[in-house]
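I am going through this model with the sequence beside me. These are my notes, entry by entry.

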Amino acid sequence: MNLIGDFRDPVRARALFARIERLTAGIGATGDAPVTIMEICGGHTHAIFRHGLDRLMPEGLEFAHGPGCPVCVLPMPRVDECIEIAALPGVVLATFGDAMRVPGTGGSLMQAKARGADVRIVYSPLDALALARRLPDREVVFFALGFETTMPATALSVLQAERDGTANFSLFCNHITVPPPLRAILQDPAMRIDGFVGPGHVSMVIGTEPYRFIAEEFHRPIVVAGFEPLDLLHAVAMVLAQLSERRAEVENQYSRVVRPEGNRRAIAAIDAVFEPRESFEWRGLGEIDRSGMRVRERYAGFDAERKFGIGYGGARARPVADVDGCRCGDVVKGAIKPPACPLFGSVCTPRTPVGALMVSSEGSCAAYYQFAGVREAAE
């Protein structure tokens, strides 16, 4: 199997588009009353716009763009707290590059670095751990963020630091989980989502069982999908087939990678180091119960919140509203498309992001600006 070419085959794509069109018409969806499918993952959003899939769908089908970009849902107080840690004497803050420009109330990590904070970009938590070994007289704090996809690597870095006795390494933990915000979206009385395309990378770790509540409690179909064009088209057709047959089930289109039980070793590493917080704040969605992770008491020495008394481990910054006019929260919930935000493409661009959804390449506003915006300008 050619894992690129076989999943971009135009003949197969045309057959899937024809099937999607038949299914959409069969359930009575129209331009005035469309069926709405939310792709949860930011990688899916990027792929949809990059390959123009949104433009090729029948008039009666719309995509809504979900909260599947961890950088994009990071609230401003957590950015402020991260900058506060970076400014402490003797601290080196290690972070992924796409977190550098996320705006807080006092600017971004990039601006903090320009003011003199020692902020360094790394490619993995193990890079941050190696930095701590090279700088034994400095405290190296890794800005740990991401969904279940990146949690195992962070957990393994803590386990390795314990084995090595690397005491000058800690995490500012902002890891979050996918199922709780989906529950929050489904509980919103204004929600208008008919089905979901589930995240591939997250599901590779946690499996498909954690999404069962979507089908059983809220009677919405969900299909876990891969990231190539045919993966997404196949998943959309599977969601529509469930709707046409009045079914609501958890199905797995990405079976070449995702197993129902997930990756048990990765889950074991996560469970060893982390536990759910009572609640965690999401940008645009507010506090969501048991949606964030924290370092277990056993590994408290590697928890920057406890070490420095910042964040949920100490003096907690108050929730901060987004910039006036910014509607990132409504985009994340699928209530509006990015161009409906009054700041989109004018004040807020990838070069000058105001809202968090414009910062990361996986943010729906950034993907829409890069791909869909170009097409609309040409038209």
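**Entry 1: Ser 203**

I looked up Ser 203 and found it in helix H9. Helices here (H or I, at least four residues) and strands (E, at least two) are DSSP runs, numbered from the N terminus. The model is predicted: local features need pLDDT of at least 70, side-chain atom pairs count only at pLDDT 80 or more, and totals for chains, interfaces and linings use all residues. Residues are numbered from 1 along each chain as its sequence is written, and side-chain values use heavy atoms, with hydrogens and water left out.

Is Ser 203 buried or exposed? Ser 203 is buried, at a relative accessible area of 0%. I use buried for under 20% relative accessible area, exposed for over 50%, and partly exposed for in between (1.4 Å probe, protein chains only). The Ser 203 side chain reaches the backbone oxygen of Pro 199 at 2.4 Å. I checked contacts next, meaning heavy atoms within 4.5 Å. With neighbours within four places in sequence left aside, Ser 203 touches Tyr 211, Val 224, Val 258, Arg 259 and Gly 262.

**Entry 2: Ser 108**

Ser 108 sits in the loop between E3 and H5. Ser 108 is buried, with a relative accessible area of 7%. Which residues does Ser 108 contact, leaving aside its neighbours within four places in sequence? I noted Ile 83, Met 100, Arg 101 and Val 102. A polar atom of the Ser 108 side chain lies 3.5 Å from the backbone oxygen of Met 100. A polar contact is a pair of N or O atoms within 3.5 Å; within protein, one must be able to donate a hydrogen and the other to accept it, and residues adjacent in sequence count only if both atoms are side-chain atoms. I also checked Pro 339, which is 231 residues from Ser 108 along the chain. Their C-alpha atoms are separated by 24 Å.

**Entry 3: strand E3**

I went on to E3, residues 91–95. Of its 5 residues, 5 are buried, so E3 is largely enclosed by the rest of the structure. In a regular strand the side chains alternate between the two faces of the sheet. In E3, Val 91, Leu 93 and Thr 95 point one way. Val 92 and Ala 94 point the other way.

Next I looked at pairing, which needs at least two DSSP bridges between two strands. E3 pairs with E5 (residues 139–146) in the parallel sense over 4 bridges. The bridge partner of Val 91 in E5 is Glu 139. E3 also pairs with E4 (residues 119–121), again parallel, over 3 bridges. There, Thr 95 has Ile 121 as its bridge partner. From E3 the chain crosses through helix H5 (residues 109–114) to E4, and this β-α-β crossover is right-handed. Right-handed means that, with the strands pointing away from the viewer, the path from the first strand over the helix to the second runs clockwise.

What is the strand order in the open sheet of 5 strands? I read E2-E1-E7-E8-E9, with parallel pairing. The edge strands are E2 (61–68) and E9 (250–252), each pairing on one side only. Within the sheet, E1 (residues 35–41) and E7 (residues 195–198) pair over 3 bridges. The partner of Glu 39 in E7 is Val 197.

Helix H2 (residues 42–50) lies across E1, E2 and E7 and runs at about 120 degrees to E1. For such angles, axes are lines fitted to C-alpha atoms, for helices over the stretch in contact, and values run from 0 to 180 degrees between N-to-C directions. In H2, 7 of the 9 residues are buried, so H2 is largely enclosed by the rest of the structure. His 44 and Phe 49 are among them. After H2 comes Gly 52, with a positive phi near 70 degrees.

**Entry 4: helix H12**

Which residues of H12 (residues 264–273) are buried? I listed Ala 266, Ala 269, Ile 270 and Val 273. They cover an arc of only 100 degrees around the axis, which puts them on the same side of H12. The arc is taken from the directions from the helix axis to the C-beta atoms. Their cover includes H7 (151–164), H9 (200–206), E10 (274–276) and E13 (293–295). At the start of H12, a side-chain oxygen of Asn 263 comes to within 3.2 Å of the backbone nitrogen of Arg 265.
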